Protein chains: 2
Amino acid sequence: MINDMDGCIEIQRNELASRFNCVPSQINYVISTRFTNEKGYYVESRRGGGGYITIRRLNTDSAGDYIMHIITSIGDKITQHSCEVFINNFVDYDVIDNREAMLMKAATSDKALVDVAPDKRDDVRAAILKNMLTSLTVI
Amino acid sequence: MINDMDGCIEIQRNELASRFNCVPSQINYVISTRFTNEKGYYVESRRGGGGYITIRRLNTDSAGDYIMHIITSIGDKITQHSCEVFINNFVDYDVIDNREAMLMKAATSDKALVDVAPDKRDDVRAAILKNMLTSLTVI
DNA sequence: GCTATATAATAGTCAGGGATAGTCAAATTG
DNA sequence: CAATTTGACTATCCCTGACTATTATATAGC
C-alpha cells in the first residue's frame, strides 16, 4: 500500500483492521513491531472523530543518508536479534545484497562473539555493526 | 529430505519430531550436534504461531572447498594486519568483491573491537573472520 | 452567541492466551 | 563413560478484547 501511495499513506485504524481481517488493536501491535523508526518508518495518528493513522517511509533514494540515519539511531548496545532486523531492512531497502547481509549477520552473531564476555557482547556487536555500516558509506 | 528439497527445507519442529518418532526437544539436540555450521549447515527458526525451522546445506563446490580450506588454516588468533592480508587475498582470488572486503575489514578492525579486552581481541577477530567466511559458503 | 457539558467516534494500552521453539538437567542406553 | 533421549520449564510470537484516552460534534444553559 505504501508503495502504491508514493511512500506515505493515511488511513483509519478500523479500515486497516478490516482490510487485514484482524482486530483494530492488532494494527497497533504490527505498527510497533514492524513500522518502527529503526526500520525507516514514521507513524503519526490522531484519535477522536475523523481519527487516522499515517505511515511514512523514509526516503531511501540516498543510501548514504539512510545509512547515516541508521547509524545514529543505533545505541551503544544491540542484541543479535535486533541487529538481524536492521540487516534485513538494509536488504529490503537495497542498501546491501544478500551476500553482504550474510556477512554482516555472521560478523555480529553471538557465535562470532562467543569469546567476548556476555555482558560486553552487545556493546561489541554495536561497534562492529556501526563500523561495517560506516565502511559502506565510504565507497 | 534436504536432498529432495534442493538443499533447503522449512518445516515445523513438531512435524519433524513426529516424523522421526521423537520428542520435539530432541530435534534441537540433533540440530546442535549434527547440523552445525562446521558440518556445513545453516539453521534458522522462529517461535510462536506458524513457527518453523529452516535447514540449509552449504555449498560444497570448489569455491566452498577453497574457503573451507582457508578457514581450517586460520588459527585461534589473528592480528588485524594478518587478517587484512587474508582478506586482500580473497579479493585477488575473486572469492569476494571490494565491498565485501571493506565489510570484512570493518568487522575485524581494532576499531570495531575496541570494547574487547586487548588480550582477547585476536581470538574474537579470528572467530568473526571464520564465521564470515563460513557464511560465504551458503548457497 | 458563547461556553460548558455530554455523546459519539475514533486510536492506544495492556494483560492474557494459544501456538510454537529453546533450554537444561535427569534418566536411559549402548 | 559418552552419547542420546526425555519432559518440565522457559521464551517468543502473534492475536484478542476489555478498558482507557483523546478528539470532534451536538446539545444545553446562560
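A:E15 counts as partly exposed, at 38% relative accessibility (buried means under 20% relative accessible area, exposed over 50%, and partly exposed in between, with a 1.4 Å probe and protein chains only). Its salt-bridge partner is A:R19, with the side chains meeting at 3.3 Å, N to O (a salt bridge is a side-chain nitrogen of Lys or Arg within 4 Å of a carboxyl oxygen of Asp or Glu). This is a predicted model, in which local features need pLDDT of at least 70 and side-chain atom pairs count only at pLDDT 80 or more, while totals for chains, interfaces and linings use all residues; side-chain values use heavy atoms, with hydrogens and water left out. Residues are numbered from 1 along each chain as its sequence is written, and chains are lettered from A and ligands numbered from 1 in the order in which they are written.

**Salt bridges within the chains**

- By the salt-bridge rule, the count over all chains comes to 13.
- A:E15 and A:R19 are 4 residues apart in helix α1 (residues 13–19) of chain A, so about one helical turn separates them (helices, H or I with at least four residues, and strands, E with at least two, are DSSP runs numbered from the N terminus).
- A:R19 is also partly exposed, with a relative accessible area of 46%.
- A:D110 and A:R125 form another salt bridge, with their closest N and O atoms 2.9 Å apart.
- That pair links distant parts of the chain, 15 residues apart: A:D110 sits in the loop between α5 (98–108) and α6 (118–138) of chain A, and A:R125 in helix α6 of chain A.
- Are these two partners buried or exposed? A:D110 is partly exposed at 31% relative accessibility, whereas A:R125 is buried at 1%.
- A:D122 joins A:D110 and A:R125 in a network of salt bridges.
- In chain B, the side chains of B:R56 and B:E44 meet in a salt bridge at 3.3 Å, N to O.
- B:R56 belongs to strand β3 (residues 52–57) of chain B and B:E44 to strand β2 (residues 41–46) of chain B, so this pair ties together parts that are 12 residues apart in sequence.
- B:R56 is partly exposed at 28% relative accessibility, and B:E44 is partly exposed with a relative accessible area of 42%.

**Where chain A meets chain B**

- The contact takes 27 residues from chain A and 29 residues from chain B (contact means heavy atoms within 4.5 Å).
- About 2500 Å² is buried between chain A and chain B, and carbon and sulfur atoms give 61% of that area (buried area is the accessible area, with a 1.4 Å probe, that two parts lose on being put together, summed over both).
- In chain A, the residues that lose the most area to chain B are A:R99, A:L103 and A:N131, together 25% of what that side buries.
- The rule finds 3 salt bridges across the interface of chain A and chain B.
- B:E38 forms a salt bridge with A:K111, their closest N and O atoms being 3.5 Å apart.
- On the side of chain A that touches chain B, α5 and α6 of chain A each supply at least two residues.
- α6(A) gives the most to that side, with 10 residues.
- By class, the side of chain A that touches chain B has 17 nonpolar, 3 polar and 7 charged residues (Ala, Val, Leu, Ile, Met, Phe, Trp, Tyr, Cys and Pro count as nonpolar, Asp, Glu, Lys and Arg as charged, and the others, Gly among them, as polar).

**Around DNA strand C**

- Of the 28 residues around DNA strand C, those that come nearest are A:R13, A:N28, A:S45, B:R13 and B:N28 (near means that a heavy atom of the residue lies within 4 Å).
- Sugar or phosphate accounts for 67% of the atoms of DNA strand C within 4 Å of the protein, and bases for the rest.
- A polar side-chain atom of B:S45 lies 2.7 Å from a phosphate oxygen of DNA strand C.
- The surface near DNA strand C has 4 nonpolar, 18 polar and 6 charged residues.

**Around DNA strand D**

- DNA strand D is surrounded by 21 residues, the closest being A:Q26, B:S25, B:Q26, B:R34 and B:R46.
- A polar side-chain atom of A:R47 lies 3.0 Å from a base nitrogen of DNA strand D.
- B:R34 has a polar side-chain atom 2.5 Å from a phosphate oxygen of DNA strand D.

Key
A polar contact is a pair of N or O atoms within 3.5 Å; within protein, one must be able to donate a hydrogen and the other to accept it, and residues adjacent in sequence count only if both atoms are side-chain atoms.
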